[in-house]
Amino acid sequence: MTQHVRDKEPETAVGPGRGRLLEPVCLTLAAGAGVLFVVRPEFYEAGVYLFASWAASLVH
């Protein structure tokens with residue numbers, strides 16, 4: 001977001017420090033998920049099963 005837009009709409013602007021902290025955390029989580037997928041794929045199978053069970057319970 002440019003400085004000009006941030007000045008015009010301060011209620012929608014995110015502070016400059018928050019994005020700097022949030023980006024490495026998200027990248028670390030994504031990298032960890034990728035490594036986990038390669039090393040232990042059964043965790044993903046269990047996660048998909050849990051998500052499908054939860055979604056099915058909402059329907060019934």
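What percentage of the residues of the protein chain count as buried?

Guide: Of the 60 residues in the protein chain, 0% count as buried, where buried means under 20% relative accessible area, exposed over 50%, and partly exposed in between (1.4 Å probe, protein chains only). This is a predicted model, in which local features need pLDDT of at least 70 and side-chain atom pairs count only at pLDDT 80 or more, while totals for chains, interfaces and linings use all residues. Residues are numbered from 1 along each chain as its sequence is written, and side-chain values use heavy atoms, with hydrogens and water left out.

The protein chain has three helices and zero strands, in the order α-α-α along the sequence; helices (H or I, at least four residues) and strands (E, at least two) are DSSP runs, numbered from the N terminus. The chain exposes about 5,500 Å², and carbon and sulfur atoms supply 70% of that area; accessible areas come from the Shrake-Rupley method with a 1.4 Å probe, and for residues only the protein chains shown count as cover.

The nonpolar patch on the surface consists of Val35, Leu36, Phe37, Val38, Val39, Phe43 and Tyr44, which together have about 680 Å² of accessible area. Helix H2 (16-39) and helix H3 (41-59) are the elements that give two or more residues to the patch, and H2 supplies the largest share, five residues. Patches are made of residues with over 30% relative accessible area and no salt bridge; like charges are joined within 9 Å, and nonpolar side chains (Val, Leu, Ile, Met, Phe, Trp, Tyr) within 5 Å.

A salt bridge is a side-chain nitrogen of Lys or Arg within 4 Å of a carboxyl oxygen of Asp or Glu. The count by this rule is one: Arg40 and Glu42 meet through their side chains at 2.5 Å, N to O. Arg40 is partly exposed at 39% relative accessible area, as is Glu42 at 36%.

The structure holds two aromatic pairs. Rings of Phe, Tyr and Trp (its six-membered ring) pair if their centres lie within 6.5 Å; planes under 30 degrees apart count as stacked, over 60 as edge-to-face and the rest as tilted. Phe37, in helix H2, forms an edge-to-face pair with Tyr44, at 5.1 Å centre to centre and 80 degrees between the planes. Tyr44 is partly exposed, with a relative accessible area of 32%. The pair of Phe51 and Trp54 is tilted, because the ring centres are 5.8 Å apart and the planes are at 40 degrees. Both residues, Phe51 and Trp54, lie in helix H3, three residues apart, about one turn of the helix. Phe51 counts as exposed at 56% relative accessibility, whereas Trp54 counts as partly exposed at 49%.
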